[in-house]
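Please keep the sequence and the three-dimensional view at hand while reading.

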Amino acid sequence: MNPWLFVWIPAIAGCMAYFISNDALRRTLWLSVAFLHLIGSLFAASPPLTLFPGAWFGFDSLTALFLPITSILFLGASVYGVGALRRDARMPHPDRLPRRSFRFSPEAIFSGCMLLFLASMSGVILSRHFGLQWVVIEATTLASAPLIYYHRSRHSLEAAWKYLMICSVGIALALLGVFCLALAGSGAIETLTIEGMLERAGVLKTAWLKLAFIFILIGYGTKMGLAPLHTWLPDAHSEAPSPVSALLSGALLNCAFLSILRVHQVCLPCGIGDFSRDLFTLFGLVSMGLAGIFILHQPEYKRMLAYSSVEHMGILSLGVGLGAAGAYGSMLHALNHSLVKAMLFMAAGNILWMYRTKTASAIRGILRRNPTAGALWLGGFIAIAGSPPFGTFLSEFIVLRTLLDQSRWLAAAIYTLSLLTAFVGMASIMLRMALGDPNPTETREKLDPLCIAPPLILGFLALGLGVFIPRDLHLTLIQAAQAIGGFMP
Amino acid sequence: MTPSTMWIGPLCGLLFAPLLPGVINRVKAFFAGRRGQPILQAYHDLFKLVRKGVVYSETSGGVFRFAPYLTLSAVILALFLMPMSGMRAPLSFQGDFLLMVYLLGIARFAMVLAALDTGSSFEGMGASREVQFSALAEPCLLVGLLFLSAHSGRVGLSDILGRITAGSWQDMPAMLALLGSAWFILLLAENARIPVDDPNTHLELTMIHEVMILDTSGPDFGAMLYAAALKLWIFGALLLNLILPLGPPSPWVQIPFFVIGMLSIAVTVGVVESIMARLRLLMVPKLLIGATALVTTALIMKMAVR
Amino acid sequence: MTTLTVLLALTGVLLLGSSRLSISIRLVAIQGFLLGMTALWGESGFHAAGLSSGLSGMLVKGIVLPWLLLFVLKQSGARREIEPFIGFGASMLIGLLLMGLSAWIAWRMQLVEQGLSPALFTVALDLMLVGLFLIITRRKAITQTLGYLIMENGVYALGVGAGTEFSFLLEIGVLLDVFVGVFLMGIMIFRIDREFEHIDTDRFIELRDTASGKLPVEAGEGVR
């Protein structure tokens, strides 16, 4: 299958969506593209992997892992998004300002930007050329900034501005890194592909390569939300519409992570793998620790979820920093975290719609008021906290075991302590919201099935991964871990 | 080059320096549509003042009597350090550019002391401004000299300035242009011209240089006026060394060109004074820092290119 | 080439000292133009390979984006002065320090041995630092956009200095990204101006972690 299709079809559909004024038609287009993308990515990712030897876009084991994640999440978010648009039409979102005159209807902009967002994320995952990768990553920022600003409130404006500014600056630094990468090689265009760099691994100048890695880690790390570069993340995640938050957290952060991994892939055969691994470990631990602190006493539940994303990005980064075994855990965790976090943001969206507030302390007894929403919220809590039946337990445990195997006692202590802090923080907030007696004046309202099915399915997928990992997936994970961690022990 | 010709430049300076204010005034008069005072007015003033008696205020002490002559002698000494018209200065040794900067500093110091000695608040205010602005202007001069010293690889003023040729302008036009424009601003600032200070203002509150010498009279005042003209000549010569590199064809060709160059600088100053308004006092530091920034940019880029 | 780099460095210093938004925007336009020229000229005379990127860079960075920003400035009722957290004189001095630092770094990297132009590297680093400095110390949203643009210019200058031969399509992609980015920022400045009646980003303090126990503004504040 030609990888260009994954980029072009959503891109063209996205541009078309701006100009379709019929809601039903536009939603059909949106959902069918999402569906097609999922079918295509599952087909492309199923072994045997057909490596497409393109200079620009191509498949490899990492792509085979990350592309389906993005597709699944996008389909889920799209279905949920259509449901959310439907219910918003009945009962406007609390943040929404009275409608002013817009050239395109807000929904057209929303669906168009969603599709462009999908196109750019697919581009990031598929790109084999570092320059092209930079272009599409910046494109993800540009496509998602209007999504964050969808509600057009002051808060969302502030969040979108911070997002656009901080990420653009970060990504500009990453471009510097790309140029350093070019300097490490000869600077010619064909050598800036991953294959080109790997072929010339012996003759690359390591000083420039180190510099390139630092800049790209800082640049794309901003986008990935590694602390202390995460400052845009809680604002953007809490102000964006919930399906967008789900995509930002579950798909976009992964894309940024993948882009850093690409450089790491080049660093490995050049003998500076230890250098990049140490940086991954450092950023991972800092992110986990900081996020844990911020989760405690977090007054807003969507912000709490955002900080939890920072924490889990820390786990991913730490896992890669531990070599192949950790990388396996990290890859598995990327998958688990995406599913669970997307599910949680969708559940949070339902709660926000029911209670019309983001303040956690104002919400009690979701389980009584609406058992479905409450069950999703509780299930999500158990999953994100890494409790046994869910896949997150497995992946977090693999990382911990690797830490212990390598006798990194301090790192293991920080890791466990941060997980514990986050657990306590999230438990105190989320359990309080779910349990207890609801305010008697509140009525029970019915949630749109389109807003329940996606988080439910994602939750079951995460549950399933904890019980059983399919062989194909296992192989893909091992290949991916080998690509970024050297040989498997 | 015979040693005796080296003295021609400074002697020209001693002789012709009072011409410069005259030329500036004539240009300003021309722009204002007046006939203006004679070009030689400054000479008449000097002769008149020398013949007059001196009045000292009761509050002033010995410093006040002594300062004008210290100022004048420091400036004259500085004049003899400044190479002119493509020839070496009569006094020159390694590192003499620091001495020149500090001689000018001593001249200013003496003037400031005299101003403070009068005990008048106006003069104290002028002194305070003079010191503030000169503190910002001095780096501009020094960094510029450092830049040229880096260019020539020498540390003597005559060597530094003598190494600038038409070829240097071809090599680094942008940097030398930066230096030239910064030094022109410096010339305006150091010599109390518009846009930094207005020599013709009648409001003591806005004066800088003029207010400092309000109390001096007679020959003392003459010394101050003469020192100011010489200072203008020194800065003009500095600028001219940079923008009009006179190669060594022969002293008798260089000197007329040099004098013509000096006069055209005076004309330019007159034009600037005619078409610009004085800056607000708050803006002056910004201008001077800007000038310093220009030369420092040139210096850093020079270092980077090396 | 040296002349171009010196002039580029000069625009950086002047940008730190300029107190009027319209002048700053014009300085950035000049900067974009000079950058295009550097790509066109290269280290030794006219450089045909840089033709497309040089011209497109000049067009986007020298004409289109500054025009867009000037338009935004005119439309928003913002005061035309830049209100800095750090004064202009101090900013300029810091700018000089940053330039010195860049020159020192360029010198330490021993670029000449690798056949790279240290002057261009100095300027590239300097512009990036100046851009970051402007983003941090100026409070208007439009100055932050300018800072981003300057920083981007610095990165671009480094690309020119590194002699990275991106293909034409990639160059266009990068420029398109920058263009759309600044375009979006422009639109958002409009909206910020309308919602907040100012474009001062230092008053963007409504979103924060009020972990100290104080409750945040209710999210329902938007409902009118």
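Which pattern does chain B follow when read along the sequence? In this predicted model, the pattern of chain B is α-α-α-α-α-α-α-α-α-α-α-α-α-α. Chain B accordingly has 14 helices and 0 strands. Its radius of gyration is 19 Å, close to the 19 Å that the globule rule gives for 306 residues, so chain B is as compact as a globular protein of that length. Along the principal axes, the C-alpha atoms of chain B fill a box of roughly 60 × 45 × 40 Å.

The interior of chain B may be considered next. Of its 306 residues, 49% are buried. When contacts in chain B between residues at least 6 apart in sequence are considered, 78% of them join residues at least 24 apart.

Chain C is the next part of the structure to examine. It has 7 helices and 0 strands, and its pattern along the sequence reads α-α-α-α-α-α-α. Buried residues account for 53% of the 224 residues in chain C. Among the contacts in chain C with a separation of 6 or more, 73% are between residues 24 or more positions apart.

It remains to describe where chains B and C meet. Here 18 residues of chain B are in contact with 21 residues of chain C. On the side of chain B that touches chain C, helix H10 (173-190) and helix H14 (283-305) of chain B each supply at least two residues. The largest share of that side, 13 residues, comes from H14(B). By residue class, the side of chain B that touches chain C comprises 14 nonpolar, 3 polar and 1 charged.

Technical notes: Residues are numbered from 1 along each chain as its sequence is written. Chains are lettered from A and ligands numbered from 1 in the order in which they are written. This is a predicted model: local features need pLDDT of at least 70, side-chain atom pairs count only at pLDDT 80 or more; totals for chains, interfaces and linings use all residues. Two residues are in contact if their C-beta atoms, placed from the backbone, lie within 7 Å. Helices (H or I, at least four residues) and strands (E, at least two) are DSSP runs, numbered from the N terminus. Ala, Val, Leu, Ile, Met, Phe, Trp, Tyr, Cys and Pro count as nonpolar, Asp, Glu, Lys and Arg as charged, and the others, Gly among them, as polar. A residue is buried if 20 or more other C-beta atoms lie within 10 Å of its own, exposed if 12 or fewer, and partly exposed in between; C-beta atoms are placed from the backbone. The radius of gyration is taken over C-alpha atoms; the globule rule is 2.2 Å times the number of residues to the power 0.38.
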